[in-house]
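Open your viewer and keep the selection tool ready. We will go from stop to stop.

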Amino acid sequence: MEQTFEIIAKTFMGLEPVLAKELTQLGANDVKTGRRMVSFRGDKEMLYRANFQLHTAIKILKPIRHFKAKSADDVYEAIRKIDWTEYLDNDKTFAVDSVVFSEEFRHSKFVSYKVKDAIVDQFREKTGSRPNISVANPDIRLNIHIAEDQCTLSLDSSGESLHRRGYRQETMEAPLNEVLAAGMIMLTGWQGDTDFIDPMCGSGTLLIEAALIALNMAPGLFRKEFAFEKWPDFDAELFDRIYNDCEEHEKDSVNCRFYGYDVDPKAVNTARRNVQAAGLSAHITIEQQDFKDFKQPTEKSIIVTNPPYGERITTPDLLGTYKMIGERLKHEFTGNDAWVLSYREECFDQIGLKPSIKIPLYNGSLECEFRKYQMFDGKMKVFRSEGGTVKSEDEKRQMAEKHRFKKNREFKQRLEEQEQNEGGDIRSFTFHRHDVFDDRKERRPRESREQREQRGHGDDRFQRSGKGRFDRGDKRGFERNDKRSFDRGDKRSFGKRHNRFDNDDED
């Protein structure tokens, strides 16, 4: 029987229960949730499957040593005690990532340097030479996590973050992370039993992730490699068996359709290219349409969407956009459920509908809420008298457990623009950046704090809403050994892959 060991799956805050459920369904043992992580036990096959099949994991780590350290010297000595010849030799390269939450260790890079020095010094002492560091493409990736004096050193089995599926060809500004998108969909409880709609689809991430879930497609199908493929004990035959097993369990069709809309033609073209790259053109329809023109769907449907927040992307009339969302949902989405992810209480207020559940989620560094709106016809009293429920008992329990949204969070959007933009386009992907450089060009006279508070803005000199770092996906995922297209029609023609490593191109 294959030996089991401790494994850690990292995720976003708020998605821990979803990831734990995924792992349980995958067959993991001793599943325990923590802060932005889920620990479990499994064998080598479980480690491979976790990387290949989980939708809501960012990294899969294999801990190799737990220890206490109160100083950098303690870290150094603990790392030197490990026999590194089990994992490395002088011909291999390695890299060290650090995550530190400690008063003693204030700089994660310094911790990385101490781990690196301990490993290198051990090899120099034993062999007279040392392995090299490679940040871009190392043979072995290490991760050290320090919480106060508790340290965990792990092998990183994933390498590049698992959110980089490989299907993304292009993005719009501030794209939704694929792992977060998958987690949002799973939080709704949707299982492919109704049509799926994103009326503000951007680059199409929510639609693609929903289709992958409904069709039982492993997100790892599009990736070129994982870090564990360079480990000394890598079992290529086992990994090929997992790959083929996942392909065999994919569904050819589902009893639902996926519809994406966006007002921006560039977003529509981008989403279509990403959908085609994922081989999902037969299932997902992308059209150019403003949400204000949205009409009642003919089939039972769910809406899951991520409108602008006024942070990295915005619209000419941000609050007007949310007012329009509420109006469309109320009048053109009767009998269905809608889920909206956003950041501002002011925006949610404009929707004008009472949510049945609010789930805190982080989108990057922004503490957002994911709210469910149950759309019914007529008045609340009539709906309830006929047996309808806005909040289920389970939803009431979840609401009681979640911390409340921060109502006093500063509203950084420039509200003085609202009046002059009332006639503007309701939903636009024409991005407006309001950063420190623009403000300086205006050469406005310096104001006192009291003057700024009277204007109602607080100190907004250092607020940015653009110029983020944009993920363009991992295009290398389309350079596999058979150079095949991931269009489903082409994909099927290749049949099973009994050994996909024979002809892999070297990086």
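**Cysteines to begin with**

Across the whole structure, a search finds zero disulfides (pairs of cysteine sulfur atoms within 2.5 Å). This is a predicted model: local features need pLDDT of at least 70, side-chain atom pairs count only at pLDDT 80 or more, and totals for chains, interfaces and linings use all residues. Residues are numbered from 1 along each chain as its sequence is written, and side-chain values use heavy atoms, with hydrogens and water left out.

Select Cys201. Its relative accessibility is 6%, so Cys201 is buried. Buried means under 20% relative accessible area, exposed means over 50%, and partly exposed lies in between (1.4 Å probe, protein chains only). Now pick Cys368. Cys368 is buried too, at 0%.

**Salt bridges**

How many salt bridges are there? The count comes to 17. Each one is a side-chain nitrogen of Lys or Arg within 4 Å of a carboxyl oxygen of Asp or Glu.

Show Lys44 and Asp233. Their side chains meet in a salt bridge, 3.8 Å from N to O. This pair links distant parts of the chain: Lys44 is in helix 2 (residues 44-53), Asp233 is in the loop between helix 6 and helix 7, and they are 189 residues apart. Helices are DSSP runs (H or I, at least four residues), as are strands (E, at least two), numbered from the N terminus. Lys44 is buried at 17%. Asp233 is partly exposed at 39%.

Next, select Glu287 and Arg272. Here the closest N and O atoms of the salt bridge are 3.6 Å apart. Glu287 sits in strand 11 (residues 284-288) and Arg272 in helix 8 (residues 265-277), 15 residues apart.

Then display Glu45, Arg49 and Asp245. A network of salt bridges links them.

Most residues other than glycine have a negative phi. Select Glu148. Glu148 is not a glycine, yet its phi is positive, about 55°. Find Glu148 in the loop between strand 7 (140-147) and strand 8 (150-156).

Move to Asn216. Its phi is also positive, about 60°, and Asn216 is not a glycine. Asn216 lies in the loop between helix 6 (205-214) and helix 7 (236-248). Is Asn216 buried or partly exposed? Asn216 is partly exposed, with a relative accessible area of 43%.

**Last stop**

Select Glu178 and Arg168. Their side chains meet in a salt bridge at 3.4 Å, N to O. Both Glu178 and Arg168 are buried.
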